[in-house]
Amino acid sequence: MPAIAENYSLGQPVEIGKIHKALKKLWQEGESAMTRASLINLAIYSEKPGSLERNTQFIVRITENHACRALVIGANRKSKENRVEAWVNAHCHVTRAGSKQICSEQLSFSLEGPCVEFLPSIVFSHLDSDLPLYLWWQDDFPEPMDPQLWTWVDRLVFDSQTWQDFGAQMRLVETAQQEAKQRIVLCDLNWTRLDKVRHAIAQFFDHPASHHHFSEIESLRIDFAPGFKSTALLLLGWLGAQLNWKVNEPARNGSCRFVDANNRKIDIELHEQETGPIGQVTINSSGIQFRVASAQCGDLLEISRSGENETALPQMMPAQSNDPVDLMTQELLRGGPHRVYLRAVNCVRELL
Amino acid sequence: MNRTADQSQANPLREGLSTRAVPQPCSVVIFGATGDLTHRKLLPALYNLAADGELPPAVAVIGFARREKSDEEFRGEMEEAVRKFSRQTVRDEIWKTFSQSIFYHQSDFGDEAGYKSLAERLDKIDKERGTRGNRLFYFAVAPDQFEPILKHLKGVGLNKAREGSWARVIIEKPFGKDLASARELNQVVSNAFSEDQTYRIDHFLGKETAQNILVLRFANAIFEPLWNTRYIDHVQITAAETLGVEGRAGYYEGAGALRDMVQNHLLQLLCLVAMEAPSDLSADSIRDEKLKVVRCLRRMGADEVGSNVVRGQYAEGAINGQPVPGYRSEKNVDPKSMTDTFVALRLNIDNWRWWDVPVYMRVGKRLPKSGTEISIHFKKAPFVLFNKETNEPNVLVIRIQPDEGISLRMQAKMPGTSFRIEPVKMDFHYGTSFGKASPEAYERLLLDAMSGDATLFARRDEVEEAWSFIDVIENAWSATKKAPDLFFYPSGSWGPEEADELLARDGRAWRRL
């Protein structure tokens, strides 16, 4: 059963019209030892050279936690040659109980030249029926996008941190969402990147006795790594959207000012530092400092609340890894409609 | 079960982040801190919650026990326990900060001064650690210790929370050994804590699949229309274990399988299977519906117990090829013990939905394999067309443990030119479909108690109603005249033959696990 034994390869080459037959054969061969599992269709699209191999490795890791039918598409729309190649493979891992091999199947496509335009027909004809389709788009969205693509997509995954022009890309994404009549859930991995930090900040204010701080926050400082300014701005947008802040003075030299519903000013400082994507967040309110910082070990957050009459008691919480597979795994785990995301984007749209 | 909306109103930053009630800062005081439950379950559960970032920012754990030891010694013991029993590897960085929130308080349970100093210590911890006067008292002790502990907690005012704070108590089973003792115990508890402060833990309800029963039934449109007497022939619930009494003979001799398993775990599972849809997901709406099921259980007369309940006790035999002794030969067991290690029951739920649908339950030790499963046996299709010769009914199986999942048995045509029908199984395994490990039941239940969500905890009236049903059986067994027999079964068998006859009389058979 060579196709299944070699997990990191694209698998067996197959004619595109015979994929279903090849899949059937694949499972017949491994029937006695494996269980096929699938909860979603996960399509990954990239035009970067070498993406098929890289994304195959991603799929191997993702399927350890999320059984799916994976469709990995590598495209080169600039090629003059018009060529479609396909492969089938399965990625197996042993269950936690250690008794069974659980396998997810992967279909890989290499699209060269004009056939890239036929992406929807290639993807849609190979979906596992009745299961939702997650489309992970790893590049900037081209203009115009094929509206047919959106008719079947349930969740569109992208990473706005890599976008060159946030405004233009966001418009394309929002257009796609409108064309799909708001059915598509937008899943920005740049937003997922903030998951744990948002948890850490939110928990400071769970107790009703802390709620008065919402209207007393005086300043906010966010340290971010080079290239992650959009991540910091999304974090700012989240706080602004949820606490009814609005931009008062646009960003200048890393600082800006927001005002709350009572026209009270909140000073914002954004600092680029050599840290993780979000190195540290400090919120100052009525003599209390709320701090969330990346711990030295890198995969934990150190959180603390300190003030004049308070002893700071640091606590550790898990941090969000910046690895694309970990981000995707977290995104798949979270689900939900992500309504807050668009509110956060709208709050800082002019700064992004 | 789900109070996201309330939470996001309270804390707008929680919107979209949490799909469960958020636990509040608190001090968790564990009575019986040096015991097995604390070592094996409670501290590992608290550590796992901390490691997953689920614990609130300010939580302190205070172990309360008789033995003399310092905070540091207790932390050292707990570290060893957590490293041994935690479901995830212990991270030094996390343990370092988490362990600083662990304290030890030495006192006899009956020593009032120990509670006064506990109150002072908790106040100090509130100030130092921001636990905000919230207290969760966990009784990991035998029920006979409840009264002195509760009396003294009340004596020093720890049963009442200050304004804006809360005080709750978690008690472990057994919640009594009959209705009278359960009422007495509940009275003892309610003298100090009101019902809405009391959380009776049944770890079966913290299991993922038990919670999934409600989702299966009420989030899927296809099952509920069939979930009644018109389509269901009968229901079976089996809780089997290969283990014997192990080191629990002292407790088990006075309890037996009926009290130890049926009164709580199995009746709770039955309630989830048989209840009507609650009006909402609040704790009391769900528990109201569960209570109705127990109330509808047909009470047996003393003379009916023998024909509806089979009790058994394991004799010597073999488990997995290894010889094992009989129950009466176990350490600390009376050689003439009449304790039931196996029970099989035939129950009826007297309401419209379940009229004429018997429920068969069996629970036992030293059975061939371990597993807890609920199976819904649907009525057979008409004996026409394909079903003239073989007519296997559809069976929906909900596997609670191990290998949690759901399967549906149905009929399919065998490939070939003839019309041969064979049963096939559609199988859903949690472990196959979801890579994420389920949290331990205690993790979920501790978080719920910190959040004030009592859905998965038993309410007083549920417990007492269950005992009123069980008492009839226990009383018949202990009667001096005409008491139903205790049947012996070899270890490694599926119980006494009389248990098979219980179903055979109705033209049915136990499902093979």
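Analyst: Happy to. Two residues are taken to be in contact if their C-beta atoms, placed from the backbone, lie within 7 Å. With that cut-off, 77% of the contacts in chain B between residues at least 6 apart in sequence join residues at least 24 apart. Please keep in mind throughout that this is a predicted model.

Let us start with the helix pair itself. Two packed helices are described by the angle between their axes and the distance between the axes. In chain B, helix 9 covers residues 249-274 and helix 14 covers residues 460-478; their axes come within 11 Å and cross at roughly 145°. The crossing of helix 9 of chain B and helix 14 of chain B is right-handed. On the side of helix 9 of chain B, the contact is made by Leu258(B), Arg259(B), Val262(B), Gln263(B) and Leu267(B). Helix 14 of chain B answers with Ala466(B), Trp467(B), Ile470(B), Ile473(B) and Glu474(B).

Where does Glu304(B) sit? Its place is in the loop between helix 10 (283-296) and helix 11 (305-308) of chain B. Glu304(B) is partly exposed, because 15 other C-beta atoms lie within 10 Å, and a residue counts as buried only at 20 or more and as exposed at 12 or fewer.

Now for the chain that holds these pieces. Chain B has 15 helices and 18 strands. Its radius of gyration is 24 Å, close to the 24 Å that the globule rule gives for 513 residues, so chain B is as compact as a globular protein of that length. Along the principal axes, the C-alpha atoms of chain B fill a box of roughly 75 × 55 × 45 Å, and buried residues make up 45% of the chain.

How far can the prediction be followed? Chain B averages a pLDDT of 90, with 96% of the residues scoring at least 70. One stretch to read with care is residues 2-9 of chain B, where pLDDT stays under 50 and the model has 13 contacts beyond four places in sequence. For the model, the scores are ipTM 0.88 and pTM 0.85.

Finally, the partner. Chain A has 10 helices and 17 strands. Its radius of gyration is 23 Å, close to the 20 Å of the globule rule for 352 residues, so chain A is as compact as a globular protein of that length. Buried residues make up 44% of chain A. Where the chains meet, the contact takes 42 residues from chain A and 29 residues from chain B. On the chain A side, helix 7 (195-203), strand 16 (300-307), strand 17 (315-318) and helix 10 (339-348) each supply at least two residues. Helix 7 of chain A gives the most, with 6 residues. The side of chain A that touches chain B divides into 23 nonpolar, 12 polar and 7 charged residues.

How values were computed:
Residues numbered from 1 in each chain as written. Chains lettered and ligands numbered in written order. Predicted model: local features only at pLDDT ≥ 70, side-chain atom pairs only at ≥ 80, totals over all residues. Axes fitted to C-alpha atoms, helices over the stretch in contact; angles between N-to-C directions. Helix = DSSP H or I, 4+ residues; strand = E, 2+ residues; numbered from the N terminus. Left-handed = near helix turned anticlockwise from the far one by under 90°. Nonpolar A, V, L, I, M, F, W, Y, C, P; charged D, E, K, R; others polar. Rg over C-alpha atoms; globule rule 2.2 N^0.38 Å. pLDDT = per-residue confidence, 0-100.
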